[in-house]
Amino acid sequence: MKARGVARRAAFGMAVVFLVVYLVFPFGWALVSSFKTNAELFSLPARFWPEHPTLEHYRRVLANDDFLRAALNSVLVASSVTLVSLAIGALAAFALGRYRFRGRSLVLYVILSMTLFPQIAVLGALFQLVNALGLYNRLPALTLTYLVFTLPFTIWVLTGFLEAVPVEIEEAAYMDGASPLQLFAKIMLPLAAPGMVTTGLLSFIAAWNELLFALSFMQTPDKRTVTHAILSFSATTSSAFEVPWGQMMAASVLVTTPLVLLALVFQRRIIAGLTAGAVKG
Amino acid sequence: MPPPRVPRAERHAGARLVFYAESVGIGAAIDRALARRFALDTGAIVDVVLRPRDATETYASYQRLFQARSADVDVLSLDIVWPGIFAPHLLDLGAALGGLAATHLEAAIKNDTVQGRLVAMPYFTDFGMLYYRSDLLQKYGYDAPPATWDELEGMARTIQGGERARSRSFAGFVWQGKAYEGLTCNALEWIHSYGGGAILEGREPTVENPRAAQALARFHGFVGTISPVGVTGYEEEDARNVFQGGNAAFMRNWPYAYAAGNTKGSRIEGRFDVAPLPHEPGYESSAILGGWTLGVSRYSRFPDAAVAFVGYLCSPEVQRFRALVGGYIPTIPAVQSDPDVARVLPFLERVRGATLVARPSNQAGARYNEVSIAFYQGVSKALYGTDPEKALEQIARRIRRSLR
Amino acid sequence: MSTTTGEAEKQAEVAGIRAKRRARVAWAFLTPALIVTAFVALYPLCDTLYLSLTNTRLGSEEPARFVGLSNYVELAHDGFFLDALLLTVLFAVITVVLELALGLGIALLLDARFKGRSAVRAAMLVPWAIPTAVSTQMWKWMYNDVYGVFNDVLVNRLGLLSEPIAFTADPRTSLPAAVLVDVWKTTPFVALLLLAGLQLIPRELYEAARVDGATRLQAFTRITLPLLRPALLVALVFRTLDALRVFDVFYVMFGSRPDMQTLATYAHEILVSISDVGYGSAVSTAIFLVIAVFIVIYIALFQRRDT
């Protein structure tokens, strides 16, 4: 009986260890590779640990103006999308979460279905729109079009948050003669703050990770975002015989580390947001 | 060797140009050096952006920039099949550069003149050729490069078999098999050298013929035998890297690889030569006519500086420089016959036997890119194992849709 | 009597006015969101439908014409499209099955209390947080035909293979290579979702089952699975939709390779590389229809079990 228990615990422990290795290995391997010299990267059999760790790849990546520009672009786009969708989304969520009116469920339904439809389905039409607005190869084109996927989600989650606020709080505010706008700004917004942090993080990460629109609406290297820039790495920077894998891995580590850290620091909120958004749907 | 000064330079201080430059081989470094020289002599800053190496992507980029009437690009490298397509978006260079144009090859200028407007200037010309390792041919007892595909296959097999003992990744024959414009060029050469036509006859696709199917079947057979499995993902530079690294017996590539292979420190310096591409018995050795031209966007904010820059790049001085440093074939006959140039481009003489084949840009007009994409996508499928006849049928159907 | 009626009427009237005013306020708060939604989603969606019935091309001199359903007729004969459809559905079925199975396993594992559980849950977010484009590059490096760690382990360390495999070039291994990246990237999401579902199941049910002498397997099939169905359905729907519109993994790993084209990369090629907006919109709409078919199938299956 005891032996069985030990064996079971050992099996369980191994399963957990295996799971963790599986989850972090690709990132870990990129990390290790990014510190290897080219000689070590391109030698057989592969070394699992860099014998002569080097920062050379990072130095080169950080000296690459196109890459730095792309990182800045991604920060600009992701933050502006997050701010805009939080602002618009919070207003809408206030209406949907605190008011009962005709058409409310239709609006909710439309917003929910927006989270489901594929972005590729509107690519052609959005391209014409972006052109018509003169936004082609301009970063605001991404801010605008990324709302397609950040806004519905933001509204959905924040509505859930605001619905949960007890009605007494609202009534008390009206008794004190507050206008709807004051109620929204002074009472509801602070109450929804945790939800805003969650949805803000998710929007930021989604915008940072986007590729299709970035690829289609931006053209010149100074307008690329990081996901696009990493793809272009091998296409333009290699003058040597090998694809610059070392630099590519260093760049990959640089653009993912902030996200991984964000995800780890805010893991509870993110997991709650991810599952709340889905389970309710 | 330093880049030549700008002849009769005018000042263009304050102008800032974006130049979509060559990104293949040492072209990038040369274009950067030329841009710096131009900036020094005229005061116009030139930002060199390397165009995507994949010509199809370059095409798509230009198309989108033009659709948006974007001023984000001023001077563009254009494949010789594009001037007709992009003409509405390109400035007429006739007034400023007509005199210079008269010194270039007449055929090249004709190609760049659309409805009486000179929309581009020839930069360099190109054609496909067969590179072979002269030392290895000798080692295995061959006294001449292969004339037919059978001969090539036999030699490649023998040499690969022998050399694999030394290097496990040695390949018999490398070429451009990735699904992109380069594959259109490669496959057109195969099919033409098989007597299978040239994709379009008028506006009607002609690819559905048994000769074309045989050509595709043969190259599908090469993949994984005398060519590495990965060849179906190769562009020019991938093929050149393998060949120049001493790891292939034969290569199909453009002339730029000649100068690159003979640079100091190259593993194959002085150990390779070129010949016309092989053909089937009874048919012609075929070489695709390639090359690049330079145009100026109509939406440029600094058209004068941009035109002056194109004038500089297409001047005899620069053409000579690019030939000597990069092995790029000049489009000015006087420069071609310059003794120094003739010495670094000996292959001009050696590949004389090949028939130059044009891509069907005249027939397809503005839809050329679509036709080419349909063609190389179908060819690529055949290389991955789709039945060649079925692949050709799909190509024909897609081309008809594009041209309807 | 009359006064009370009047009072009630008056009250109703006031309530009505108030409701109307409240509705007006609500719509005012909704306006920015509605404008944006209409602008970037509803209008483009309708526009796509309309464009798919025309021969619109960007940058073309000829004016666009209405061509009826001919783009769709062409689709039915387009070998490139049909191959992409087949590949996409195959990819969706394989990945969804693997992700649900694996995700359920992981969720059950993490439902147990153990030391370091929150660290493991944190590790789950690593694959999810990395941009797909970037993680695909990382996997490509591991798949490298000469210097990749997989070939190194299989050939040099374990001796299982005599020659390295070109995982992302060889047609036989290309699809599995893409599947692995997707499974790695999204299984954590499925697991977290199912874990949330598991934690909603009251523990007393299991205790009651144990008292009744049920085995662990019985408890799993009779309690866990049925109560997890809503979460499973959500995971199934989300993952299927994502898999059917897959773009990043294939675009980054295979570029324009025609035998590895999905519906989304094919639509992208037609829309962006060729600018054939009419035909490309028909492909986009087809993606929509395929997704709709899957949803209908799911609903039908789950409803039948309900009755």
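Because the model is predicted, local features need pLDDT of at least 70 and side-chain atom pairs count only at pLDDT 80 or more, while totals for chains, interfaces and linings use all residues. Residues are numbered from 1 along each chain as its sequence is written, with chains lettered from A and ligands numbered from 1 in the order in which they are written.

Chain C is built from helices: there are 12 of them and zero strands, where helices (H or I, at least four residues) and strands (E, at least two) are DSSP runs numbered from the N terminus. With a radius of gyration of 27 Å, well over the 19 Å that the globule rule gives for 307 residues, chain C is more spread out than a compact globule. That radius is taken over C-alpha atoms, and the globule rule is 2.2 Å times the number of residues to the power 0.38. Along the principal axes, the C-alpha atoms of chain C fill a box of roughly 100 × 75 × 35 Å. Of the 307 residues in chain C, 48% are buried; a residue counts as buried if 20 or more other C-beta atoms lie within 10 Å of its own, as exposed if 12 or fewer do, and as partly exposed in between, with C-beta atoms placed from the backbone.

For chain C, UniProt lists residues 85–300 as "domain: ABC transmembrane type-1", in an unreviewed entry. UniProt positions are given in the numbering used here, feature names are shortened, and annotations may be inferred rather than shown by experiment. That span, residues 85–300 of chain C, is 78% helix and 0% strand, and its end C-alpha atoms lie 22 Å apart.

Helix α11 (residues 263–273) of chain C is mostly covered, with 10 of its 11 residues buried; among them are C:Tyr266, C:His268 and C:Glu269. After α11(C) comes C:Ser275, whose phi is positive, near 65°. Helix α10 (residues 248–254) of chain C holds C:Met253, which is buried, with 20 other C-beta atoms within 10 Å. Leaving out residues up to four places away in sequence, C:Met253 touches C:Thr136, C:Lys140, C:Thr168, C:Ala177 and C:Ala178; two residues are in contact if their C-beta atoms, placed from the backbone, lie within 7 Å.

The C-alpha trace of chain B spans about 60 × 50 × 30 Å along its principal axes, and 60% of its 404 residues are buried.

One open sheet in chain B has four strands in the order β8-β11-β7-β12, with mixed pairing; strands pair if DSSP finds at least two bridges between them. At the edges stand β8 (171–174) and β12 (273–275) of chain B, each with a single partner strand, so one side of each lacks a neighbour in the sheet. The twist from one strand to the next averages 20°. Strand β7 (residues 129–132) of chain B pairs with β12(B) in the antiparallel sense over three bridges, and B:Tyr132 stands opposite B:Asp273 in β12(B). Helix α10 (residues 236–244) of chain B lies across β7, β8 and β11 (248–253) of chain B, running at about 155° to β11(B). Axes are lines fitted to C-alpha atoms, for helices over the stretch in contact, and angles run from 0 to 180 degrees between N-to-C directions.

Turning to contacts between chains, 70 residues from chain C meet 72 residues from chain A. On the chain C side of that contact, helix α1 (residues 2–51) of chain C gives the largest share, 17 residues. The chain C side divides into 53 nonpolar, 10 polar and seven charged residues. Here Ala, Val, Leu, Ile, Met, Phe, Trp, Tyr, Cys and Pro count as nonpolar, Asp, Glu, Lys and Arg as charged, and the others, Gly among them, as polar. Elsewhere, 24 residues of chain B are in contact with 20 residues of chain C. The largest share of the chain B side, six residues, comes from α18(B), and that side divides into seven nonpolar, 12 polar and five charged residues.
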